[in-house]
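Subject: Structure handover

Hello,

Here is the structure for you to open. My notes follow below it.

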Amino acid sequence: MSEPVLRLDGVSRTYHEAHGKEIRVLDATDCELHGGEMVALVAPSGAGKSTLLHIAGLLERPDSGDVVISGYSTRDLAERLRTAMRRNDIGFIYQFHHLLPEFSAVENLMIPQMLRGASKQAARERGMELLEFMGIAARASHRPSELSGGEQQRVAIARAVANKPKVLLADEPTGNLDPGTSERVFSMLEKLVHANGLAALIATHNHDLARRMDRAITLANSKIVDYAVQPAS
Ligand code: ADP
Ligand code: MG
């Protein structure tokens with residue numbers, strides 16, 4: 001089988017709270033994601049979904065273990081190289097769009113590309129292509145506050161893939177949307193993952209969405225394990 005695009009290798013993470021209380025969120029756990037694969041991360045609130053995604057996205061460091069992206073270990077990377085990898089190889093989508101309020105939709109897509117060295121013109125062209133793909137090209141010059149929740153989230157999804165990452169991580173990306181909008185935004189996300197052969201890990205509470213993915217995982221006793229999504233009733 002081909003090399004996984006994302007591999008968690010014996011990852012542990014414990015939070016230390018006041019009064020010496022410890023919360024062991026991840027305990028020497030493993031997981032592999034391949035290109036073109038869309039995996040649902042289904043677990044109750046507080047189980048550690050965000051922690052797992054932040055570690056996989058190099059936003060946080062595990063206490064021990066390694067995150068391997070396309071065969072490259074990140075354990076001993078300097079912060080500067082982790083930042084470059086995060087920018088180039090990983091796309092992250094939050095529950096709330098986290099768009100820059102003072103910039104237009106297309107500018108929000110241009111900024112990460114220009115940080116990576118793209119010219120303004122090339123960044124604008126790709127930004128417009130992505131907005132087109134997401135069906136919101138007509139909203140390109142609007143600021144986030146002038147967009148609906150579904151439109152904001154579509155811009156956030158487009159931004160996550162602006163630098164053509166290999167890995168897409170999404171933390172309850174439709175959790176803040178009504179069911180109809182959630183369905184439409186998820187369909188866009190699905191189309192994008194498949195068109196680009198991304199390895200996607202998507203935290204969701206929505207079993208209808210989880211059922212549409214290639215497989216599902218959950219967190220049990222601080223380990224990543226397979227999850228059987230209930231069939232539609
Ligand atoms: P989920 O995203 O599944 O709701 P989280 O990863 O946010 O779960 O949190 C997992 C557990 O770790 C929770 O019990 C949470 O309270 C705790 N936790 C998360 N972040 C921190 C932190 N920075 N400091 C202390 N505890 C934390
Ligand atoms: Mg969370």
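Let me start with Ala28. This residue is partly exposed, with a relative accessible area of 37%. (Buried means under 20% relative accessible area, exposed over 50%, and partly exposed in between, with a 1.4 Å probe and protein chains only.) Ala28 sits in strand E2, residues 22–33. Helices (H or I, at least four residues) and strands (E, at least two) are DSSP runs, numbered from the N terminus. The phi of Ala28 is positive, near 45°, and Ala28 is not a glycine.

Before you read on, note that this is a predicted model: local features need pLDDT of at least 70, side-chain atom pairs count only at pLDDT 80 or more, and totals for chains, interfaces and linings use all residues. Residues are numbered from 1 along each chain as its sequence is written, chains are lettered from A and ligands numbered from 1 in the order in which they are written, and side-chain values use heavy atoms, with hydrogens and water left out.

**Backbone**

Most residues other than glycine have a negative phi. Ala28, with its phi near 45°, has a positive one. His98 also has a positive phi, of about 60°, and is not a glycine. Where is His98 found? His98 is in the loop between strand E6 (90–93) and helix H3 (105–115). His98 counts as partly exposed, at 49% relative accessibility.

**Ligand 1**

Which residues are around ligand 1? They are Tyr15, Val25, Pro44, Ser45, Gly46, Ala47, Gly48, Lys49, Ser50 and Thr51. The cut-off is one heavy atom of the residue within 4 Å of the molecule. Helix H1 (residues 49–56) gives the most to this shell, with 3 residues.

By class, the shell has 4 nonpolar, 5 polar and 1 charged residues. Ala, Val, Leu, Ile, Met, Phe, Trp, Tyr, Cys and Pro count as nonpolar; Asp, Glu, Lys and Arg count as charged; the others, Gly among them, count as polar.

Now the polar contacts. Each is a pair of N or O atoms within 3.5 Å; within protein, one must be able to donate a hydrogen and the other to accept it, and residues adjacent in sequence count only if both atoms are side-chain atoms. Ser50 uses a polar side-chain atom, 2.9 Å from an oxygen atom of ligand 1. Gly48 has a backbone N or O atom 3.0 Å from an oxygen atom of the ligand. For Ala47, a backbone N or O atom lies 3.3 Å from an oxygen atom of ligand 1. On its own, ligand 1 has 560 Å² of accessible area, and the protein covers 62% of that. Accessible areas come from the Shrake-Rupley method with a 1.4 Å probe; for residues, only the protein chains shown count as cover.

**Rings**

How many aromatic pairs does the count come to? The count is 1 aromatic pair. Phe92 and Tyr94 form this pair, which is tilted, at 4.8 Å centre to centre and 40° between the planes. Rings of Phe, Tyr and Trp (its six-membered ring) pair if their centres lie within 6.5 Å; planes under 30 degrees apart count as stacked, over 60 as edge-to-face and the rest as tilted. Phe92 is buried at 13% relative accessibility. Tyr94 is partly exposed at 25%.

Lys191 lies over the face of Phe133, 4.7 Å from the ring centre. The rule here is NZ of Lys or CZ of Arg within 6 Å of the ring centre and within 35 degrees of the ring normal.

**Sequence versus space**

Met38 is in strand E3 (residues 38–41). Met38 is buried, with a relative accessible area of 0%. Met38 and Ala199 are 161 residues apart in sequence, with their C-alpha atoms 6.2 Å apart.

Glu79 is in helix H2 (residues 79–89). Glu79 is partly exposed, at 43% relative accessible area. Glu79 and Glu146 are 67 residues apart along the chain, and 36 Å separates their C-alpha atoms.

Pro144 is in the loop between helix H4 (120–133) and helix H5 (149–160). Pro144 is buried, at 3%.

Best wishes
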